[in-house]
Amino acid sequence: MSQPATKFAAGSVGTVETRYLDLPEPVRLDCGRELHPVRVAYETYGTLSPRRDNVILVCHALSGDAHAAGVAKASPEAGTRDGFGAEDRDGAGGKGLGWWDGMIGPGKAFDTDRFFVVSTNLLGGCRGTTGPSSIDPATGRPYGPDFPVVTVADMVRTQRAFLDVLGIERLAAVAGGSLGGMQALEWAVMYPNQVDAIVVIASTHALHPQGVAWNAIARESIMRDPAWQGGRYYGTGRTPDDGMGVARMVGHITYLSAPALDEKFGRRLQFADDIRYTVTEPEFEVESYLRHQAASFVKRFDANTYLYTSRALTYFDLARQHGGGSLERALEGVRARTLLIAFSSDWLYPPAASEEIERALRALGKPVEFQVIDAPYGHDCFLLEEARQTPIIRRFLAEGRAA
């Protein structure tokens with residue numbers, strides 16, 4: 001729970017400590033297995049209303065965690081805000097900030113003066129929630145590749161079970177970007193009577209084939225690293241950092257756009273006034289930047305979690321899962337008001353994907369709003385363009401409370 005923000009900048013939720021909750025019952029998974037025990041890492045911001053009707057669940061993307069806002073009580077070795085432009089935006093103090101700190105807090109998009117915001121680390125994670133690096137009670141060793149394959153629906157079932165323990169039956173909203181937006185959509189479909197609104201940012205009802213392909217390359221880079229050892233690298237003194245670093249480089253480039261890379265790096269050389277005739281060392285600023293991203297990422301993220309989470313987001317397909325191939329049929333039961341936000345330069349989760357969701361909801365007579373923000377930074381816009389998203393989200397949520 002967050003502490004008062006007296007010594008922090010206006011709009012900060014202050015110092016925050018991640019907490020943990022063990023679910024009392026097994027979680028039944030789409031693959032047919034049951035998982036128990038399951039621990040969930042979470043943080044909360046704001047005050048729960050007496051009627052428990054002001055709860056917003058915030059869902060994170062592939063590389064996120066439960067620390068969505070405020071300053072971590074224990075500063076991590078590497079923060080989650082390590083993406084494009086993070087150092088320019090945050091300065092030296094960014095390491096301990098939550099990954100969506102600009103969106104959560106007093107007066108922000110998810111206003112903690114009005115809402116009780118909950119953020120959890122997703123199932124399969126490596127930042128406190130049960131995942132491949134957790135201990136398998138059957139063996140006393142980390143699960144590794146024996147961890148069951150999980151889906152976005154499994155992540156949402158886990159969140160539902162977690163909220164049951166907290167005594168929260170209904171959500172004022174579920175919100176997230178990228179994989180987080182997939183979770184919000186899944187909530188609206190699986191639990192239509194328990195969600196008032198969803199905020200789906202830079203996301204999709206099913207990843208396009210190009211996105212599936214890039215994720216496959218990232219996973220292959222991990223599995224082809226000899227140090228991966230079939231996923232049983234825990235305790236061996238060797239971890240697949242090389243493959244994981246390449247996976248991060250591949251993933252990170254898909255989050256950006258060509259104009260953004262050109263503006264930030266161009267073809268500027270990193271270390272010299274002219275080329276040095278080297279194959280092994282970085283020559284260009286963009287090459288050095290990618291190496292830095294890889295080095296930061298492997299410090300805080302588990303390779304098996306990357307594999308499992310990447311697979312979950314490629315499996316996600318609302319039409320296949322819930323509509324017999326029809327997106328419109330899959331969304332028939334949705335009762336939540338829907339806000340879709342996309343970004344003009346996002347080619348990984350393009351505006352066309354959100355437009356398909358909008359068309360299906362409108363055809364069904366469902367309340368939906370779709371906004372495209374013209375911004376140059378690609379998929380990472382959902383983390384960078386906080387100021388432009390804020391008024392849209394604040395108005396959307398206020399309209400819901402007024403109704």
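A polar contact is a pair of N or O atoms within 3.5 Å; within protein, one must be able to donate a hydrogen and the other to accept it, and residues adjacent in sequence count only if both atoms are side-chain atoms. Keep that in mind as we walk through this predicted model, in which local features need pLDDT of at least 70 and side-chain atom pairs count only at pLDDT 80 or more, while totals for chains, interfaces and linings use all residues. Residues are numbered from 1 along each chain as its sequence is written, and side-chain values use heavy atoms, with hydrogens and water left out.

Let's start with Arg362. A polar atom of its side chain lies 3.1 Å from the backbone oxygen of Val368. Arg362 belongs to helix α11, residues 351-363; helices (H or I, at least four residues) and strands (E, at least two) are DSSP runs, numbered from the N terminus. Arg362 has 48% relative accessibility, so this residue counts as partly exposed. On that scale, buried means under 20% relative accessible area, exposed means over 50%, and partly exposed lies in between (1.4 Å probe, protein chains only). The C-alpha atom of Arg362 is 9.5 Å from that of Glu328, although 34 residues along the chain separate the two.

Next, look at Thr129, in the loop between β10 (116-120) and β11 (135-136). With 3% relative accessibility, Thr129 counts as buried. Polar atoms of its side chain meet the backbone in two places: the nitrogen of Ala41 at 3.0 Å and the oxygen of Asn121 at 2.7 Å. Contact means heavy atoms within 4.5 Å. Leaving aside neighbours within four places in sequence, Thr129 is in contact with Arg39, Val40, Ala41, Asn121, Leu122, Leu123 and Ser134.

Now follow the chain to helix α8, residues 303-315. The expected span of a helix is 1.5 Å times one less than its number of residues. How many of the 13 residues of α8 are buried? The count is 11, so this helix is mostly covered. Among the buried ones are Ala303, Tyr306, Leu307 and Leu313. The buried residues of α8 pack against α2 (152-166), α3 (179-190), α4 (209-223), α5 (241-254) and α7 (285-298).

Aromatic rings come next. Rings of Phe, Tyr and Trp (its six-membered ring) pair if their centres lie within 6.5 Å; planes under 30 degrees apart count as stacked, over 60 as edge-to-face and the rest as tilted. By this rule there are 11 aromatic pairs. In one of them, Tyr143 and Phe147 sit 5.2 Å centre to centre with 80° between the planes, an edge-to-face arrangement. Both Tyr143 and Phe147 are buried. Trp99, Trp100 and Phe110 are linked by ring pairs into a cluster.

A charge can also sit over a ring, if NZ of Lys or CZ of Arg is within 6 Å of the ring centre and within 35 degrees of the ring normal. The charged end of Arg311 does this over Tyr315, 5.0 Å from the ring centre, and that of Arg337 over Phe396, at 4.0 Å.

Finally, consider the cysteines. A disulfide is a pair of cysteine sulfur atoms within 2.5 Å, and the whole structure has zero disulfides. For Cys126, the closest cysteine sulfur is in Cys59, 17 Å away, so the two are too far apart for a bond.
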